[in-house]
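Dear colleague,

I am handing over the structure below, and I would ask you to keep it open beside this message while you read. My notes on what was found in it follow after it.

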Amino acid sequence: MPVEWAGWGPQLLLELDRTSATPLRSQVEHQLRVAIRAGRLAAGERLPSSRVLAAHLGLSRGLIQDCYAQLQAEGYLTAHTGSATRVAPMAAGKAARASGRHRPPAPKPLIADFSSGVPDLRLAPRQDWAWAIGQVCRTAPNVAFDYGPPNGDPRLREVLAAYLRRVRAADAYPNQVLICTGVAQGLGLVLRVLADRGHTRVAFEDPGAVRTVRDAARSARIDPVPVPVDEHGIDVAALARSRSRVAVVTPAHQWPTGVVMAPERRHELLAWAREHDGIVLEDDYDAEFRYDRDPVGALQGLAPDRVVSLGTVSKSLAPALRLGWAVLPPALFDDVTAAKSVADRGTSGIDQLALATLIESGRYDRHLRRMRAVYARRRAILSAHVPHVTGLAAGFHAIAHLPAGASEREVVAAARARGVGIYGMSDYRADGSCDPPQLVLGFGNTPDAAMEAGLRAIADLIGGR
Ligand SMILES: Cc1ncc(COP(=O)(O)O)c(C=O)c1O
């Protein structure tokens, strides 16, 4: 019979077979040994007192005391007079090594890491989030702690719809907004529904979020097809040739080239969607951080029946919150809601209310204003140190164009040897090509001083100043 002890001390499932010929004392000893070796009981972890464990297992206290004494003698447990019995450090260390779960030595810290896609984690709005969660816990009715509607909390859907109409010129109303755990989930759910409806291909931008889209497509059993991007956005003629009727695009700030989709290109793309009965999945990437260009509204606002707009707080607040949304054409809404319900029965209701509270209070906008100033400063640092840089109109990454003939891989490796993490565009090309040689330099989570030090350390490699 499995017996779990709770309360004082760690929880651990012990299975005692009272019909077995093996004595109960041996069973308890053996199971504790196995738990320690497997790391289920960690070094230093406190075991329940012999009295508590004996009561939980329905055994005599003396039997448990004998087990503990035996395991102490074998070096699995330690105990000092007057203090609790604990797992011995050596025992758990041996166990972790034996199970191969120990970590390799940490790599040497970098002077600067220009990886992309993460906002400044040092400036994550901890206090605002704690305040919003506190407000919700103090004021929300009991029913807020129940399962909520799978497509999201009605209040957040209303607040977000209003926000997206105001800030992104989206044609968004609460009955079209579905709350999900980020763009990644929204994309996966929509592709699954489209696959169920007979779509067999999904076109994606090349360069682009190659891995993300390929993974989501494969999981939905739909073929990912790369379509080139030029200086105006996705090549719509090539898209038409791809024979896909679904396209994933990043019009606000193309990931990763940084191109802002030109107005004519937007109209061409929407004409393609109408002509081919197509669906555009707009990843409204980096829309929050614009610098010296006019705001560009969401594509969804121009064709709400053809465009799914996907958004996230991963860049505006923090990726760990796992909160995002999809603004859906009415024809897709119910099926995507059903898919969301199957996936997880809905996103955390308390977190949804906290986001609604943050937006309504004005703290969300205030955080964005602060962060825009931080990223604008870093953008200036990048421009000052890197000679050929593009894609800086928005967001917190840019493209450095290496001199013709330079080897992207060699530059990346040489920078790494000097303690600077830089990343090649080849990671984002469908065929992994290094031609032309380019770097994708993220500066969201790279402090100003580290940026300056890092860029100085690799100036000669990138033809810099
Ligand atoms: C192109 C692109 N869009 C959106 C996201 C955000 O995804 P999520 O909302 O799932 O965190 C990422 C994350 O790195 C991304 O690379």
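In which loop does Pro256 lie? Pro256 is found in the loop between β10 (246-249) and α10 (263-275), where helices (H or I, at least four residues) and strands (E, at least two) are DSSP runs, numbered from the N terminus.

Before going further, please note that this is a predicted model, in which local features need pLDDT of at least 70 and side-chain atom pairs count only at pLDDT 80 or more, while totals for chains, interfaces and linings use all residues. Residues are numbered from 1 along each chain as its sequence is written, and side-chain values use heavy atoms, with hydrogens and water left out.

Some backbone details come next. Most residues other than glycine have a negative phi, and most peptide bonds are trans. The peptide bond from Trp255 to Pro256, however, is cis, with omega near 5°, and the bond from Asp206 to Pro207 is cis with omega near 0°. Pro207 lies in the loop between β7 (201-206) and α8 (210-219). Arg221, in the loop between α8 and β8 (223-230), has a positive phi of about 55° although it is not a glycine.

Now to the ligand. The residues that surround it, each with a heavy atom within 4 Å of it, include Gly182, Trp255, Tyr285, Lys315 and Arg322. This shell divides into 5 nonpolar, 3 polar and 3 charged residues; here Ala, Val, Leu, Ile, Met, Phe, Trp, Tyr, Cys and Pro count as nonpolar, Asp, Glu, Lys and Arg as charged, and the others, Gly among them, as polar.

Looking at individual atom pairs, a polar side-chain atom of Asp283 lies 2.5 Å from a nitrogen atom of the ligand, whereas a ligand oxygen atom is 2.6 Å from an N or O atom in the side chain of Ser314. A polar backbone atom of Val183 is 2.7 Å from an oxygen atom of the ligand. Taken alone the ligand exposes 390 Å², of which the protein buries 81% (accessible areas from the Shrake-Rupley method with a 1.4 Å probe).

Finally, 4 strands form an open sheet in the order β14-β15-β18-β17, with antiparallel pairing, where two strands pair if DSSP finds at least two bridges between them. Because β14 (389-390) and β17 (423-424) stand at the edges, each with a single partner strand, one side of each is left without a neighbour in the sheet. Strands β15 (residues 397-401) and β18 (residues 438-442) run antiparallel and are joined by 5 bridges, and Ile399 stands opposite Val440 in β18.

With kind regards

Conventions. Polar contact = N/O pair within 3.5 Å; in protein donor to acceptor, adjacent residues only side chain to side chain.
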